[in-house]
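These are my notebook entries on a single protein chain. I set down what I looked up, entry by entry.

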Amino acid sequence: MAETPLAFMIGTFVVLGIFFIVDLFVLGRRPHVPSTKECVQHIAFFVAMALVFGALIWWVAGTRPAIEFYSGWLTEYSLSIDNLFVFVIIMSNFAVPRQLQKFVLSVGITIALVLRGIFILVGAALIERFTWVFFLFGAFLIYTAVKVARGEDDDEEFHENGLIRLLRRVTRITNDYDGERLRTTKDGVKYWTPMLIVFLTIGTTDVMFAFDSIPAIFGLTKDPFIVFTSNIFALLGLQQLYFLLGALLDKLVYLPAGLSIVLGFIGIKLIMEALHGNTLPFLNGGRPISAVPEIPTWLSLAVIVVAIGGAALASLIKMRKVDASSAQSR
């Protein structure tokens, strides 16, 4: 159940809705390659927005929801940075002109938010009715954490999903872009441009990522409002991160290790919560196992900050050492 006032939630969605409309239909109509200064300014603005929003939640709903938001936002933001690898590959595979990539990311992220919203509502309904779902979520996150730690989760190449392959078979799609247009005419025949495929690919691929991130955030909070707003603020500024970090993503060598720790920790936390509120008849006669301790929200936030911050710092130190040794060998 949501702990924040209804009026605050409505106001939040109205403001965010206006922002996305402006981003798509005003700013998005000026395709360009953002400069480094513009990217840094936008990212700083969105981070500040998230911090202020968390403070507002603290004010209207209390300490716990605010800490849950910050924990969820940091987790989703870290996972989103890791997923930028795939966005780089998608843009390359579909040969998206660089000046159109910002617009493509804006539309793709908006599609992803709509699909994630549906996914979150389904997940919240399942958790409300079937608490044992936490066992599945927890086991999946631990499995994912092991894969990430072993490097088995790396996306070295992009494979089109079934929806995109079906679309190619049933529609006429040209290989040439026509600005931002979805439809174009060639020799009197109407075609879809590759822009349609790219939009759907970015949006649906991001939902595939949600199979990791949504269970992870449900391990931090059961409030659908906190879950959804954490996702929104994590995806805001992702397009600027794409341009800013595109060439540096492969140098964040310890980020997978930090993500692995976070996912593993949340997976264990989910299983402990499922045991604490157990209803399965073959475990303890269907009664909660009170001996299982509850992990406080502040500890979750501390683990996330230390794991992700430590991984980022270690990556920067290693990157500087590599750059220094390269300079000496010249």
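Predicted model: local features only at pLDDT ≥ 70, side-chain atom pairs only at ≥ 80, totals over all residues.

**Entry 1: Ser 290 and the basis of the model**

Residues are numbered from 1 along each chain as its sequence is written, and side-chain values use heavy atoms, with hydrogens and water left out.

I placed Ser 290 in the loop between helix H10 (255-276) and helix H11 (297-329). Its C-alpha atom is separated by 8.2 Å from that of Leu 275, and the two residues are 15 residues apart along the chain.

**Entry 2: The whole chain**

I recorded 11 helices and two strands in the protein chain. Here helices (H or I, at least four residues) and strands (E, at least two) are DSSP runs, numbered from the N terminus. The order from the N terminus is α-α-α-α-α-α-β-β-α-α-α-α-α.

The protein chain has 330 residues, and 46% of them count as buried. I then turned to contacts, meaning heavy atoms within 4.5 Å. Of the contacts with a separation of 6 or more, 78% join residues 24 or more positions apart. The accessible surface of the chain is about 16,600 Å², and carbon and sulfur atoms hold 66% of that surface. I note that these areas come from the Shrake-Rupley method with a 1.4 Å probe; for residues, only the protein chains shown count as cover.

**Entry 3: Helix H2**

I checked the span of helix H2 (residues 36-61), which has 26 residues. The expected span is 1.5 Å times one less than the number of residues.

Which residues of H2 are buried? I listed Glu 38, Cys 39, Ile 43, Phe 46, Ala 50, Phe 53, Gly 54 and Ile 57. After H2 comes Gly 62, with a positive phi near 115°.

**Entry 4: Salt bridges**

How many salt bridges does the structure hold? I found three, taking a salt bridge as a side-chain nitrogen of Lys or Arg within 4 Å of a carboxyl oxygen of Asp or Glu.

One joins Glu 68 to Arg 64, at 3.2 Å from N to O. Both residues lie in helix H3 (residues 63-93), four residues apart, about one turn of the helix. I recalled that an α-helix has 3.6 residues a turn, so residues three or four places apart point the same way. Glu 68 counts as buried, with 4% relative accessibility.

Another links Lys 186 and Asp 176, whose closest N and O atoms are 3.1 Å apart. This pair links distant parts of the chain, 10 residues apart: Lys 186 is in strand E1 (residues 183-186), and Asp 176 is in the loop between helix H6 (162-170) and E1. Lys 186 is partly exposed at 33%, and Asp 176 is partly exposed at 45% relative accessibility.

I also recorded the bridge between Arg 181 and Asp 178, at 3.2 Å from N to O. Asp 178 is partly exposed, at 25% relative accessibility.

**Entry 5: Ala 95**

I looked up Ala 95 in the loop between H3 and helix H4 (101-129). Its phi is near 50°, a positive value in a residue other than glycine. At 53% relative accessibility, Ala 95 counts as exposed.

How values were computed: Buried < 20%, exposed > 50% of the residue type's maximum accessible area, 1.4 Å probe, protein only.
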